[in-house]
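Here are a few exercises to work through with the model open. Try each one yourself before reading the solution.

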Amino acid sequence: ATLLLFDTNVLWGDPWFEAPDTQALLMLNGHGVQVLVPDLVLREQENHVRREVSGDMKAVKRSLGKLSQLTNRSFSDPLRDVTPEAAAENYAKEIRKRLESTGTVILPMPEVSHAELSARAVLKRRPFSDNGKGYRDSLIWYSALEAIGETNDTHLIIVSKNVKDFGNMQGGLHSDLQDDVKNRWRETQPLVSLATNVRECWDKHLTMFAPRSRDLEVELVSEKFFGIYIRRWLNEEGTRALGGRSFGEAVAYPGVAEEFGPVVFSIERVIALDSPEVRKLPDPLVHVRFSARFVGMADVWEFRPDEEYADDDVPPRDPFAKNRVWSSVATCSGTFRADFSLLIDCSNQKVLAAVGQPCRRGEKEENGA
């Protein structure tokens, strides 16, 4: 069996498991793969929701106050029925329901004693760091060990950005954790691997469960794919899939903060589709990735450098930095490139989920794309 155990720092970028890569992964539950999420991780996610909602509510109220001053009008509070606690409680209930419906296992707190944890901390054995931090990561590690159970014919993949806490310099499992595995399974030992994100899981560990189809990849960049006209779909839905993400240095424009860059709000014409990847999931689903180059309209930030330097030498790079005022937003037309990921229901000829990620200049644009 292949077990995938997720850490908070990976899931927080997709708290509702809505991204196509994540949804496609959940579809493998019961097909040779078992997704695991520790209860501790969901509690941390819940706390993130509570904190983020609280901060966003304060920002909205500040903006309404400023808007009232500028317009000399009063505005009703759109957040009167919203509280951070209620949002966190709703998230905790709904995400558990959603995960359980896909066959994902929510792991309980591990049965490890305070004595064992404190001894591990004193000895600075990973996941505890040299400064003694690592309590939550240690609980996740013990949850992982318990998830393997008595079965040694198992491949456990820990998906976490905390490579320094779980891994070694070569990207493998840290020697302290290797010793834990050796001591618990003295003969035939389970394989434990690390991955820093969902994409790495797909590319390194899940090929046998969702094989790529070269024939479908050729078909993807043609006119029609399972009844879906991909270019037409990009023109109609591609901007929404990009979700307002910045394109960095994709377009050179006078006065633009290069590290922030333009935000595309309209795709006018698709120039090319390439780099297709099509993975077959349990029928009738396929997981699709491709790159698209297109002409679009974008908003870009304009500045007056003579007025807006943060100090005497270095111009500010962030248009939203607290110590600066940005002057205006301009609209420009340009050529952009973005990578898209789609989950497609082939039988109903429908895109179930989609997300786009801008390519910065220096990636595919400078490589002849």
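**Exercise 1.** Find which helix and which strand each supply at least two residues of the lining of the largest cavity.

*Solution.* Start with the elements: they're helix H7 (163-166) and strand S5 (191-195), both DSSP runs numbered from the N terminus (helices H or I, at least four residues; strands E, at least two). Next, list the lining: Ile158, Ser160, Asn162, Val163, Phe166, Leu194, Ala195 and Thr196. A cavity here is a set of points on a 1 Å grid over the protein atoms alone where a 1.4 Å probe fits but cannot get out, and lining residues have an atom within 4 Å of a point. Finally, the volume, meaning the space filled by probe spheres set on the points, is about 40 Å³.

This is a predicted model: local features need pLDDT of at least 70, side-chain atom pairs count only at pLDDT 80 or more, and totals for chains, interfaces and linings use all residues. Residues are numbered from 1 along each chain as its sequence is written, and side-chain values use heavy atoms, with hydrogens and water left out.

**Exercise 2.** Work out whether Ser341 is buried or exposed, and which side chains its own side chain makes polar contacts with.

*Solution.* First, locate Ser341 in strand S8 (residues 328-345). Its relative accessibility is 6%, so Ser341 counts as buried (under 20% relative accessible area, 1.4 Å probe, protein chains only). Then check the polar contacts (N or O atoms within 3.5 Å, one able to donate a hydrogen and the other to accept it): the Ser341 side chain pairs with that of Asp21 at 2.5 Å and with that of His287 at 3.2 Å.

Definitions and conventions: On a 1 Å grid over the protein atoms alone, a cavity is a set of points where a 1.4 Å probe fits but cannot get out, and a pocket is an open set with protein on both sides within 12 Å along at least five of seven lines; lining residues have an atom within 4 Å of a point. Buried means under 20% relative accessible area, exposed over 50%, partly exposed in between (1.4 Å probe, protein chains only).
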